[in-house]
Amino acid sequence: MLCNIRLKQHTHDLIQQFMDAVQSIDQITECYNTTGDYDFLIKVYARDMKDYQDFMLNTLGNISCVGSLHSVIVIGEIKDSHVIPVARYEEGNH
């Protein structure tokens with residue numbers, strides 16, 4: 001699952017609280033600070049929908065600075081490449 005997170009407020013303490021909490025949650029494998037409507041995007045692994053519901057209620061729900069979330073269920077993976085095309089972005093190769 002992908003989950004967009006919006007914090008209740010944008011204070012240094014609440015942002016740090018969320019980032020610290022994410023570090024201790026094994027089900028969250030990736031976390032990105034983002035622009036736009038949401039503050040963070042997390043990648044979450046769950047066995048099934050019941051497991052994800054439990055995660056939302058009992059894990060994310062216990063992080064007091066979380067204001068709202070928007071879940072996205074991945075139904076299929078089209079591309080998963082971790083190769084960065086560095087040569088394309090070297091100076092002079094634009």
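Start with the surface. The protein has about 7100 Å² of accessible surface, and 52% of that belongs to carbon and sulfur atoms. Those areas come from the Shrake-Rupley method with a 1.4 Å probe; for residues, only the protein chains shown count as cover.

Before going on: this is a predicted model, where local features need pLDDT of at least 70, side-chain atom pairs count only at pLDDT 80 or more, and totals for chains, interfaces and linings use all residues. Residues are numbered from 1 along each chain as its sequence is written, and side-chain values use heavy atoms, with hydrogens and water left out.

Next, dimensions. The C-alpha atoms fill a box of roughly 50 × 35 × 25 Å along the principal axes.

Now the fold. There are three helices and four strands. The order along the sequence is β-α-β-β-α-β-α. Helices (H or I, at least four residues) and strands (E, at least two) are DSSP runs, numbered from the N terminus.

How much is buried? Of the 94 residues, 24%. Buried means under 20% relative accessible area, exposed over 50%, partly exposed in between, with a 1.4 Å probe and protein chains only.

Contacts, meaning heavy atoms within 4.5 Å. Take those with a separation of 6 or more: 63% join residues 24 or more positions apart.

Finally, Asn4. Asn4 lies in strand β1, residues 2–7. Asn4 counts as buried because its relative accessibility is 18%. Leaving out residues up to four places away in sequence, Asn4 touches Tyr38, Phe40, Leu41, Ser68, Leu69, His70 and Val72.
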